[in-house]
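Subject: Structure handover

Hello,

Below is the structure I am passing on to you. My notes on it follow.

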Amino acid sequence: MPRALGSSPHAHGRSELKERPAVMRALREEQRRLGARLRALREERALTQEQAAEQIGLHSNHLQRLERGAANVTLVTLVAVSLAYRVSVRSLFEQPRSKRIQPFRQVASEQLRRFGNAVPLYSLKAAAGRFGAQQQVEPEGWVRPLGRTRPGKGLFVAQVVGESMRRRIPNGAYCLFRHPVLGSRNGRVVLAQHRQIHDPDHGGRYTVKVYHARKQHAGAEGGRTVEVRLEPDTDAPGYRPIVLRGLEEDELTIVAELVEVLPGG
């Protein structure tokens, strides 16, 4: 009997994709790349395979096979991974940050003019300690940012990881910050530190978010701040504002404000 117009010979039969060498070669390469990306994401978070598998909702043996590139992955598994690691599904197939060119130049000690031709490079944790808790923290180095802002007092470079601000700050981007923050903070992207903050992206009691404060109406206790919202700016799932109420004076430290995301960082 003739086949119906528009029907496929494979509509109800066995798929021939696995018999196509080019498809299988490409599949194995994508499995290898995805496995390396999953392993890197887990190691960035200092998780064992058992801990990561529990967060994702997989058996640890299956996660082990995925990281080796030895197992097929379903869409539901990709979504579960993206939620557990707080990254987008799309980013699971992107090149790791280590392949990006650093958007600054190291300045040798014999050429260094602090804040004249270079600014300090800190981790966010170190910056929060140095400027927030007034600890003595040595920078990782002194660098000349390759952005539009010239070196100056109070500026420093730090890398921001995670997807919570990806509309403005790509995951892994190096950013230029300024300390202290002068004037109104509302609507600015800030590095904030507070004992109630536990940011899953950075693993500490500090975070980079958009600052919004609500004050009591004019004339009441001098317009005391009654609520601070540290808002993410992302289309990645799982991120919510950090809401702080009943703050005592100086309980929340606004460490620095974002000046610019360095190009290519």
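Leu75, Val79 and Leu83 make up a nonpolar patch on the surface, and together they have about 280 Å² of accessible area. Patches consist of residues with over 30% relative accessible area and no salt bridge, where like charges are joined within 9 Å and nonpolar side chains (Val, Leu, Ile, Met, Phe, Trp, Tyr) within 5 Å. Accessible areas come from the Shrake-Rupley method with a 1.4 Å probe, and for residues only the protein chains shown count as cover. Leu83 belongs to helix 4 (residues 75-85); helices (H or I, at least four residues) and strands (E, at least two) are DSSP runs, numbered from the N terminus. With 45% relative accessibility, Leu83 counts as partly exposed. The terms here are buried for under 20% relative accessible area, exposed for over 50%, and partly exposed in between (1.4 Å probe, protein chains only).

Before going further, note that this is a predicted model, in which local features need pLDDT of at least 70, side-chain atom pairs count only at pLDDT 80 or more, and totals for chains, interfaces and linings use all residues. Residues are numbered from 1 along each chain as its sequence is written, and side-chain values use heavy atoms, with hydrogens and water left out.

Next, the strands. Strand 10 (residues 253-261) is largely enclosed by the rest of the structure, because 7 of its 9 residues are buried. Strand 10 runs antiparallel to strand 5 (residues 173-178), and 4 bridges join them; two strands pair if DSSP finds at least two bridges between them. Across this pairing, Leu176 is opposite Glu260, and Phe177 has Leu258 as its bridge partner. Strand 10 also pairs with strand 6 (residues 189-193) in the antiparallel sense, over 4 bridges, with Leu191 opposite Ala256.

Strand 5 is itself mostly covered, with 5 of its 6 residues buried. Strand 5 pairs with strand 4 as well, in the antiparallel sense and over 6 bridges.

On aromatic rings, the count is 4 pairs. Rings of Phe, Tyr and Trp (its six-membered ring) pair if their centres lie within 6.5 Å; planes under 30 degrees apart count as stacked, over 60 as edge-to-face and the rest as tilted. One of the pairs is Phe115 with Trp142, which is edge-to-face because the ring centres are 5.2 Å apart and the planes are at 85°. This pair links distant parts of the chain, 27 residues apart: Phe115 is in the loop between strand 1 (104-106) and strand 2 (119-121), and Trp142 is in strand 3 (residues 141-145). Phe115 is partly exposed at 22% relative accessibility, while Trp142 is buried at 12%.

Phe156 and Phe177 form a stacked pair, since their ring centres are 5.5 Å apart and their planes are at 15°. Phe156 lies in strand 4 (residues 155-160) and Phe177 in strand 5, so this pair ties together parts that are 21 residues apart in sequence. Phe156 is buried at a relative accessible area of 0%, and Phe177 is buried at 0% relative accessibility. Ring pairs join Phe156 and Phe177 with Tyr122 in a cluster.

A charge also sits over a ring, which requires NZ of Lys or CZ of Arg within 6 Å of the ring centre and within 35 degrees of the ring normal. Arg86 lies over the face of Tyr239, 5.1 Å from the ring centre.

Last, the salt bridges, of which the structure holds 14. A salt bridge is a side-chain nitrogen of Lys or Arg within 4 Å of a carboxyl oxygen of Asp or Glu. Glu67 forms one with Arg42, and their closest N and O atoms are 2.7 Å apart. Glu67 lies in helix 3 (residues 60-68) and Arg42 in helix 1 (residues 21-44), so the pair ties together parts 25 residues apart in sequence. Both Glu67 and Arg42 are buried.

Another salt bridge joins Glu163 and Arg166 (3.2 Å, N to O). Glu163 is buried, with a relative accessible area of 4%, and Arg166 counts as buried at 18% relative accessibility. Finally, Glu29, Glu30, Arg32 and Arg33 are linked in a network of salt bridges.

Regards
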